[in-house]
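I opened my notebook for a friendly look around a protein model. Here is what I looked up, entry by entry.

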Amino acid sequence: MTDPMRIRAQASGDKATVRVLMSHEMETGQRKDAAGKTIPAWYIQEVTARLNGAPVLSAQWGPAVAKNPFLQFSVKGAKAGDKVSLTWVDNRGETRTDEATVS
Amino acid sequence: MPTRRELLQRSATLAALMAGVGVLPGIARADAAGYAKAAFEAKSMAELTRTLGLATPTESKDVAIQGPDIAENGAVVPLGASTTLPGVKRLMLLVEKNPAMLTAMFDIDEHVDPAISTRAKMGQSSNVYAVAVMNDGRVLYAAKEVKVTLGGCGG
């Protein structure tokens with residue numbers, strides 16, 4: 001079970017800036033361990049952001065996104081009290097969703 | 001009564017079959033449905049645009065790539081892609097000298113500003129591109145050189 005994502009969503013006018021810090025190894029599959037064996041690739045492939053349940057942003061990532069990925073974007077039509085949720089799916093089929101309230 | 005050896009052989013065969021189908025948790029390598037695997041393996045801009053069926057990219061002052069001039073740590077390089085143009089369908093971040101060029105792609109619609117920031121791994125100093133795919137099919141990009149003092153691909 002991975003750590004929860006840290007999501008901050010701040011409203012300004014009719015938009016909200018959303019900053020997310022996800023907890024994930026984002027292993028490229030290029031590294032070798034001490035014994036010389038390649039560490040298998042393990043990385044987030046899909047990210048979806050929702051505002052009050054409706055998808056507003058979707059992304060596909062490769063293993064070159066840095067470990068513990070950071071993401072920032074601005075969603076329109078968001079106001080204080082709205083719910084922002086982020087979902088990621090990785091190449092092992094694992095998934096995680098976290099939610100925050102726009103402040 | 002099957003011998004212990006037979007039982008073990010049958011379990012191993014069953015496990016192998018299940019792993020092949022992708023049913024075993026933790027071992028299954030199930031790429032997300034709709035994931036553009038080939039695009040994330042493309043080694044050049046030409047190969048990437050061909051894989052995604054895109055028009056030839058042209059440089060544009062209306063697209064911006066944000067990134068440091070010098071990245072102290074190639075494992076965590078903040079990069080941003082944005083454009084002032086309306087009608088963007090997709091924003092992509094590319095690192096030219098990484099093992100595969102495409103780092104991330106974002107589907108943009110009217111719900112979000114066409115501007116995203118994230119952090120990428122860079123194996124070495126390289127050109128970095130922000131590419132905007134427009135609704136009308138145009139592909140526009142901006143480039144910037146980012147120098148890396150400590151490469152971020154590990155090993």
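This is a predicted model: local features need pLDDT of at least 70, side-chain atom pairs count only at pLDDT 80 or more; totals for chains, interfaces and linings use all residues.

**Entry 1: one residue and its neighbours**

I began with Gln60(A), and leaving out residues up to four places away in sequence, I found that Gln60(A) touches Gln45(A), Glu46(A), Tyr35(B), Ala36(B) and Met105(B). For me, two residues are in contact, or touch, if their C-beta atoms, placed from the backbone, lie within 7 Å.

Residues are numbered from 1 along each chain as its sequence is written, while chains are lettered from A and ligands numbered from 1 in the order in which they are written.

Next I asked where Gln60(A) sits, and I found it in strand 4 of chain A. Helices (H or I, at least four residues) and strands (E, at least two) are DSSP runs, numbered from the N terminus.

Is Gln60(A) buried or exposed? Gln60(A) is buried, because 22 other C-beta atoms lie within 10 Å. The cut-offs are these: a residue is buried with 20 or more other C-beta atoms within 10 Å of its own, exposed with 12 or fewer, and partly exposed in between, and the C-beta atoms are placed from the backbone.

I also checked Val89(A): Gln60(A) and Val89(A) are 29 residues apart in sequence, and their C-alpha atoms are 9.6 Å apart in space.

**Entry 2: the strands around Gln60(A)**

I followed strand 4 of chain A across to the other chain. It pairs with strand 6 (residues 102-107) of chain B in the antiparallel sense, over four bridges. Two strands pair if DSSP finds at least two bridges between them. Here Gln60(A) stands opposite Met105(B), and Trp61(A) stands opposite Ala104(B).

Within chain A, strand 3 (residues 44-51) and strand 4 (residues 54-61) run antiparallel and are joined by six bridges. I noted that Val47(A) stands opposite Ala59(A). This hairpin has two residues between the strands, and Asn52(A) takes a positive phi near 50° there.

**Entry 3: chain A as a whole**

How many helices and strands does chain A have? I counted zero helices and seven strands. The C-alpha atoms fill a box of roughly 55 × 20 × 20 Å along the principal axes. Of the 103 residues in chain A, 38% are buried.

I then looked at Arg92(A), which is found in the loop between strand 6 (83-90) and strand 7 (95-101) of chain A. Arg92(A) is partly exposed because 19 other C-beta atoms lie within 10 Å. Arg92(A) and Glu46(A) are 46 residues apart in sequence and 12 Å apart in space, C-alpha to C-alpha.

I traced an open sheet of six strands in the order 1(A)-2(A)-5(A)-7(B)-4(B)-2(B), with antiparallel pairing. Its edge strands are strand 1 (6-12) of chain A and strand 2 (63-66) of chain B, each pairing on one side only.

Inside this sheet, strand 2 (residues 15-21) of chain A pairs with strand 5 (residues 70-76) of chain A in the antiparallel sense over seven bridges. Lys15(A) stands opposite Lys76(A) in that strand 5.

**Entry 4: where the chains meet**

I found 33 residues of chain B in contact with 31 residues of chain A. On the side of chain B that touches chain A, strand 6 and strand 7 (115-120) of chain B each supply at least two residues. The residues of that side divide into 20 nonpolar, seven polar and six charged. Ala, Val, Leu, Ile, Met, Phe, Trp, Tyr, Cys and Pro count as nonpolar, Asp, Glu, Lys and Arg as charged, and the others, Gly among them, as polar.

**Entry 5: the core**

Which residues touch the most other members of the largest nonpolar core? Of its 69 residues, these are Val18(A), Leu91(B), Leu94(B), Ala120(B), Ala130(B) and Val131(B). A nonpolar core is a set of buried Ala, Val, Leu, Ile, Met, Phe, Trp, Tyr and Cys residues joined through C-beta atoms within 7 Å.

**Entry 6: confidence**
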